[in-house]
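Colleague: Could we go through this one together? I would like to begin with the way the chains meet.

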Amino acid sequence: MNQPEHLRRQELLAGVRDTLPLLLGALPFGMIYGALAATSGLSFAAAVAMSALVFAGSSQFIAIGLIAAQTPVAIIVLTTLIVNLRHMLYSATLLPHLQHLPQRWRVPLAFWLTDETFAVTVHRFQKDDASPDKHWYQLGSSIAMYVNWQFWCFLGLLLGQRIPDAQSWGLDVAMPVTFIGMIIPFVKTMPIAVCVLVAGAASLLTLAIPYKLGIVLSALAGIVAGLSAQRLRASPPACER
Amino acid sequence: MTGSDEVWLIAGMAAVTFGIRYLLFALAERIRLAPWIMESLKFIPPAVLTAITLPAVLLPKGEWFVSLANPYLLAALLTLAAGVLTRNLLATIAIGLAAFFAHRLLF
């Protein structure tokens, strides 16, 4: 089990390297968070602390919007809980791969679990080589995302105080652009294509459901559709891709 | 927002976010996932990412905007094309962002 040091470092660096494109996507996202926070009524220190301690882009955004609308703290925390429910799906996916690790690994990897690190790392875990150090890859991706996020949020905060209309630049486009880039490598089989189509359609049909709960419901619809497609395909010899 | 409100806000958000991310990891020894759950795990990433992305593209400001005059939709279509053609994540994201800002500049 005792692997040479350099193999671990290789995993760590590969995790950083494969995350680099996503750092570009997080750049405008972090900047606009900082810029919005600067004008929301949240103090500078609190905005920095939120990035450092919560480290969850979309819920940070929503929180800033709710703060600006004078929403009570309890409601903001509850909204954060609901918006981040999807992370439980992520940890369920990673569970079989991280189960054997001690808590001193599981705690930081959980804290740093983001959409981006999850999407990158899942591909590494799915490769069938027997490396026992794939969690070092996740660590590399996590640290890269964390440092990058803190930096751009901080810069956004500094600039946001100077450039009042930064929020109208449309920097939020970085999120869909990055996510589309992340979705494409997953769509390799017919059942996953079905899953994506159904999840997408469901996301448009569940828009009226508050607190972004539609995201979780739509994901579940996509998963059920994908599973069904896989079952249907498994029984009779149907279209193979 | 007062200073103590801010402390409670950040402590609360940090606690629920970490709690959700960590709960299953914490219980790992006591959890045994059923085979059908194991089978469904691979659908989770594309399903969640799609469910977040599509509304952000078609309703960028919370209102339906299905037109090529919608810079978010145009950027999304070009990102999709770039992703399928190049299979390179960095190029894909760069092209998508460039398309968006070119659209904003030109129209």
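Modeller: Chain A and chain B bury about 6700 Å² between them, and 79% of that lies on carbon and sulfur atoms. Buried area here is the accessible area (1.4 Å probe) that two parts lose on being put together, summed over both. This is a predicted model, in which local features need pLDDT of at least 70 and side-chain atom pairs count only at pLDDT 80 or more, while totals for chains, interfaces and linings use all residues. Residues are numbered from 1 along each chain as its sequence is written, chains are lettered from A in the order in which they are written, and side-chain values use heavy atoms, with hydrogens and water left out.

Colleague: How many salt bridges cross the interface?

Modeller: The rule finds two between chain A and chain B, a salt bridge being a side-chain nitrogen of Lys or Arg within 4 Å of a carboxyl oxygen of Asp or Glu. A:Arg106 forms a salt bridge with B:Glu29, with the closest N and O atoms 2.6 Å apart.

Colleague: Turning to pockets, what lies nearest the centre of the largest pocket?

Modeller: A:Ile62, A:Met175, A:Lys212, B:Ile52 and B:Ala56 do, out of 42 lining residues. A pocket is an open set of points on a 1 Å grid over the protein atoms alone, where a 1.4 Å probe fits, with protein on both sides within 12 Å along at least five of seven lines; lining residues have an atom within 4 Å of a point. The lining of the largest pocket has 26 nonpolar, nine polar and seven charged residues.

Colleague: Which helix gives the most to the lining of the second largest pocket?

Modeller: H1 of chain A does, with seven residues. The lining of that pocket divides into 11 nonpolar, seven polar and seven charged residues.

Colleague: Finally, how many salt bridges are there over all chains?

Modeller: The search finds eight. One joins the side chains of A:Arg8 and A:Asp133 (3.6 Å, N to O). A:Arg8 lies in helix H1 of chain A and A:Asp133 in the loop between H7 and H8, 125 residues apart.

How values were computed:
Nonpolar A, V, L, I, M, F, W, Y, C, P; charged D, E, K, R; others polar. Helix = DSSP H or I, 4+ residues; strand = E, 2+ residues; numbered from the N terminus.
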